[in-house]
Structures are given as structure tokens and as C-alpha cells.
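Colleague: Please pick one residue of this model and look closely at its surroundings. I would like to see how the parts around it are arranged.

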Amino acid sequence: ECDKNLLYALVLKLKPITFMPGDYICKKGDVGREMFIVHKGIIEVVVDGKAVAQMKEGSYFGEISLLSMGDGGNRRTANVVSKGFSKLLLLKKNDLDEVVKSYPEMQEVLKKAAE
């Protein structure tokens with residue numbers, strides 16, 4: 001439902017980031033201020049020391065933190081760990097907010113997605 005120009009503007013804000021095997025991408029309890037898209041590699045979601053999910057190329061996580069309406073973001077509910085060498089694309093909440101200001105009609109669409 002998003003405007004193509006909005007999506008293009010968001011793509012321009014994506015930042016590549018590389019993680020080594022065993023690196024924590026996010027930790028349970030941290031305040032989330034960004035989301036990630038898996039470009040290459042395998043990412044594991046760990047809760048209470050147990051792997052509960054794996055994500056591969058094209059998967060994404062942390063979007064709730066971007067869509068949360070408050071400035072503080074949401075607390076992460078799990079540890080997310082790189083299984084090997086991984087390349088991710090990072091989108092920061094500040095960047096999303098900046099882009100959305102230019103597309104006020106999209107604010108309602110994103111608000112509904114957050115709910």
C-alpha cells in the first residue's frame with residue numbers, strides 16, 4: 001500500500017552492516033531503534049538460550065521498533081545472533097521518520113501496520 005517514491009526514499013536510507021559468526025545483532029531488553037533486512041547469511045533468534053527461529057536472505061526483523069508510535073521504541077524480546085558471516089541492511093527509526101514527513105498520506109498506512 002506504500003507509495004513507490006516512499007519505498008525508493010527508504011531504500012536510499014538503508015545502510016549495509018556486516019556481522020561475524022556469533023555476533024549479537026540485538027540483545028533481549030535493548031531498546032529497538034532500527035530494523036534489519038537479511039541480505040546474506042543466517043540469523044538465529046534465541047530465547048532463554050534456545051534457538052527458536054532462523055532467518056535467511058530476504059527475512060527482516062525489528063520492524064515493530066520502527067513502527068512504534070512512541071519515541072522510545074520497543075524493548076527487544078529476544079537475542080538475535082549471526083550464525084556465520086552475515087550482511088544485513090539497516091534502517092534507523094530516525095531515517096524512517098524523516099522520509100515519512102514528506103509523505104503524510106503514508107503516516108496512516110504505517111500507523112495501521114503498527115497496530
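**Around Ile25**

Modeller: Leaving aside residues up to four places away in sequence, Ile25 touches Phe19, Phe36, Ile43, Phe61, Val80, Val81, Ser82 and Leu88, where contact means heavy atoms within 4.5 Å. The model is predicted: local features need pLDDT of at least 70, side-chain atom pairs count only at pLDDT 80 or more, and totals for chains, interfaces and linings use all residues. Residues are numbered from 1 along each chain as its sequence is written, and side-chain values use heavy atoms, without hydrogens and water.

Ile25 is also one of the residues that touch the most other members of the largest nonpolar core, which has 13 residues. Such a core is a set of buried Ala, Val, Leu, Ile, Met, Phe, Trp, Tyr and Cys residues joined through side-chain atoms within 4.5 Å. Buried means under 20% relative accessible area and exposed over 50%, with partly exposed in between (1.4 Å probe, protein chains only). β2, β4, β5 and β10 each give two or more residues to this core; strands are DSSP runs of E, at least two residues long, and helices are runs of H or I, at least four, numbered from the N terminus.

Another core, of 12 residues, lies apart and includes Leu10. In helix α1 (residues 4-13), Leu10 is buried, as are Leu6 and Lys13. The buried residues of α1 fall within an arc of 50 degrees seen down its axis, so they line one face; the arc is that of the directions from the helix axis to the C-beta atoms. Lys4, Tyr8, Val11 and Leu12 are exposed on the face turned away from that buried side.
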